[in-house]
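Trainee: I would like to go through this model with you. Could we take the terms one by one?

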Amino acid sequence: MTELKENLKRQIVEQLNLKDIKPEDIGDDQPLFVEGLGLDSIDALELIVLLQQHYGIRLARAEDGPAVFRSVNSMAEYIQSNKQ
Amino acid sequence: MSVYINGIGVISPQQSFDKNVLQEGFIGKEGNKWLSVEPNYSQFIDGKQIRRMSRIIRMGIVASLLATREAGIEKPESIIVGTAFGCLEDTHSFLSKLVQYQEDMLSPTAFIHSTHNTIAAQIALLFHCRGYNSTYVHRALSFESALMDAMLLIEENSADDVLVGGIDEITDASFTIMKRIGFYKESEVNAENFYIPGKGSVAGEGSAFFSLSRIQTASSYAKIAEVESYSFMNGNEVVEKAKELLLRHNIVQPDLLISGHNGDGANDKENDFFAEAINCKNRLLKYKHWCGEYATASAFATWLGAEILKHKTIPNCFSEFLNPDERLNTILIYNQHKGIHHSLILLNHAEL
Amino acid sequence: MSSSVYVAGTGIISAIGNNISESLNTFRNHQSGIAKTQYLETRHRETFPLGEVKFSNEELAAITGLKSGLSRTILLSYYAAKQAIESLPENLITTLRTGFISASSVGGMDKTESFFEDFMKDEQSGDLRKVQHHDCGKHTDYVCEKLGIKGFITTISTACSSSANSIMLGARLIKSGKLDLVIAGGVDPLTRFTLNGFNSLMIVDRNQCRPLDQSRQGLNLGEGAAYLVLVSNKIATAYNLEPLCELTGYCNTNDSHHQTALSDEGNGPYLAMSGALKMSVLNTSDINYINMHGTGTQNNDSAEGKALVRIFGQTYPPLSSTKSFTGHTLGASGAIEAAFSAVAVQKGIIYPNFSFTEAMHGLSVYPQVKMLENQEINHVLSNSFGFGGNCTSLIFSKIRA
């Protein structure tokens with residue numbers, strides 16, 4: 001799980017082009033949207049692509065996004081329970 | 001109705017974002033792909049915003065900021081951009097992923113930014129500008145179309161000031177493709193051999209933005225008296241139109257002709273014909289050996305013309321093309337592409 | 001005294017018809033043009049229904065007499081532009097100070113994406129003739145050369161408001177006295193680029209779209225082209241033209257909120273509609289029909305609906321989104337819907353929404369669900385809102401004495 005979260009942080013920084021942020025600076029439970037990292041709706045769509053590209057998981061409904069992408073923790077949990 | 005140029009911001013293959021460059025002199029470029037000398041963008045744009053902006057968007061944003069700051073404008077009333085190819089890097093990014101992933105797992109950011117009006121939209125977001133906003137994409141007339149619209153807007157009293165720009169970028173893919181089509185010379189080019197006639201030119205790029213207003217200020221460079229474009233007219237017809245335009249402004253002969261010669265034999269023949277026909281062969285300034293050839297290069301020329309009129313002097317780096325004339329009140333900028341698209345921008349000294 | 005601007009001709013091709021008459025019949029018969037694609041080679045062909053013009057490129061080339069191998073953009077644009085001018089007196093466009101203003105969001109991308117298949121494998125491969133159609137101005141030049149138009153020619157690209165902006169510019173140039181006649185409009189073909197692009201934003205419906213409906217799931221992509229012939233009143237009189245209507249109001253603004261989404265309160269649409277009303281010196285009660293931008297996305301319909309209520313309150317006129325029939329034709333949509341609006345004034349028509357069951361919660365905006373004809377239609381408002389917050393509203397009116 002730790003490795004998964006570390007990979008996730010790296011992938012998030014890369015996919016969203018967060019040049020000023022180091023992966024290790026992202027807290028496991030830090031809110032990704034609004035406060036925290038301050039991501040927005042377009043970033044949410046990019047994270048959907050990230051899930052597909054790296055984990056083979058399709059998020060069919062955009063409405064599920066907020067819960068899944070709340071933090072690195074919630075993303076990791078989702079991936080663990082949905083990985084093919 | 002004339003319109004004042006009150007602020008200018010330019011990013012180009014010269015260090016033009018620093019206006020001292022004209023005193024220090026342009027630097028001769030080499031090779032066949034002349035990329036821009038770029039500023040440190042993070043000095044101008046917040047980190048959170050910059051991450052999503054591709055290079056051309058940054059070039060547009062910074063040139064806009066430089067122009068509006070110089071003009072003392074906090075928020076332009078209207079924003080109009082001319083760009084023949086828009087955000088090529090983003091277009092390429094989305095296209096190549098489309099092919100690579102066979103229409104699956106595609107990034108929305110590249111798609112969003114591939115729309116041609118992204119640059120004008122991002123500038124509007126930056127300034128929270130809700131006024132008229134448009135983007136012209138007609139090849140070598142993209143900048144001139146934007147300029148004509150801006151002048152019309154001011155003439156109609158729909159806006160007192162307008163931010164107008166011409167912007168295009170080179171990408172690796174676009175360079176490769178345009179080279180294959182034959183737009184660029186095979187041999188190595190530099191400022192010295194640039195105009196030796198051959199086939200093709202050199203790839204250039206740039207972003208030049210102008211803050212225009214009906215009102216003259218202390219920062220006014222010059223006036224734009226008129227802008228016209230003509231398509232599918234032959235050289236003689238264009239010369240007639242040019243003479244009519246000059247006559248409308250009581251000008252027998254402009255003091256200087258800034259011409260879009262680009263080193264391609266066929267192209268330059270058209271430009272030579274025009275210069276001869278309006279008796280400006282000996283009062284001619286060429287500029288593409290400094291910025292390269294690109295669809296909106298006439299925006300770079302407009303910056304040069306404005307600088308010359310403001311300071312009433314021609315920078316040293318242009319001295320070999322003309323016999324300097326003391327009178328520098330009117331400048332005509334002529335550009336054409338393949339003998340199909342022709343444009344004229346008439347600049348007057350601000351006090352005229 | 002500045003001129004009035006009249007609409008002296010229209011040309012249109014879309015999923016619901018190859019001219020105005022066919023389009024009206026489709027509305028009358030309440031048939032949506034949205035269906036499974038016949039021609040677009042995409043892996044999503046079974047997933048997303050599209051508003052496709054019912055001709056292949058080969059068929060369009062044969063009908064127009066143009067070369068096959070041209071981009072679909074050129075074929076559609078030429079088809080509609082030629083139709084727009086065919087009822088004009090001979091030589092009128094070469095006699096007058098004529099302008100041609102087109103618009104497109106993706107230019108010849110249908111050819112470019114095909115080129116890229118080869119280019120990606122090897123940068124020295126790929127048919128260069130394909131990529132020479134790429135830029136947005138290519139189709140404009142091709143069409144003008146074919147139609148013998150010279151002089152002022154340009155192309156606008158502001159996403160989904162593009163061709164509404166063409167029409168607005170054309171009107172402004174006539175009013176300023178710079179031009180006598182302007183052919184203004186736009187075109188966009190279906191491409192994998194746009195289909196996948198909008199899909200990456202997750203705003204494409206897998207079924208028939210339902211604009212203005214609470215349960216809407218997004219847009220259906222469409223394609224097409226349309227051009228209006230705009231003339232000054234003096235020219236119309238001098239040449240005994242029979243204009244359909246007058247373009248009395250227009251306004252372009254920027255929502256300046258987000259790259260792809262409109263502000264919740266619909267500020268850009270609000271300012272665009274208000275500006276057009278102000279220019280035409282009309283009260284809200286004067287508008288007899290609104291052709292909504294109405295894409296079927298959550299964001300647009302909600303924002304546009306809110307802006308509508310801010311201006312019209314609950315006494316809004318009959319309204320609908322014809323995109324429910326044609327699909328969202330992107331760069332062509334402004335002109336296609338302007339053509340419908342001009343004809344609405346001319347013939348007294350109110351267009352329906354193709355499908356509608358439940359109004360957006362909290363907004364109570366109910367579109368027309370059946371086509372109405374022989375109505376008293378004096379003024380029609382047409383909205384077009386694009387990415388980058390680009391918002392344009394046009395008002396077409398019966399000719400004022």
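**Contacts and fold**

Mentor: Between chain C and chain B, 30 residue pairs are in polar contact, both at pLDDT 80 or more. This is a predicted model, where local features need pLDDT of at least 70, side-chain atom pairs count only at pLDDT 80 or more, and totals for chains, interfaces and linings use all residues. Residues are numbered from 1 along each chain as its sequence is written, chains are lettered from A in the order in which they are written, and side-chain values use heavy atoms, without hydrogens and water.

Trainee: What makes a pair a polar contact?

Mentor: Two N or O atoms lie within 3.5 Å; within protein, one must be able to donate a hydrogen and the other to accept it, and residues adjacent in sequence count only if both atoms are side-chain atoms.

Trainee: Why is the pair B:Glu155 and C:Lys178 called a salt bridge?

Mentor: The term needs a side-chain nitrogen of Lys or Arg within 4 Å of a carboxyl oxygen of Asp or Glu. Here N to O is 3.1 Å, so the pair qualifies. Chain C and chain B have seven salt bridges between them.

Trainee: Why is chain A called as compact as a globular protein of its length?

Mentor: Its radius of gyration (over C-alpha atoms) is set against the globule rule, 2.2 Å times the number of residues to the power 0.38. The rule gives 12 Å for 84 residues and chain A has 11 Å, which is close, so the description holds.

Trainee: How many helices and strands does chain A have?

Mentor: Four helices and zero strands, counted as DSSP runs (helices H or I, at least four residues; strands E, at least two).
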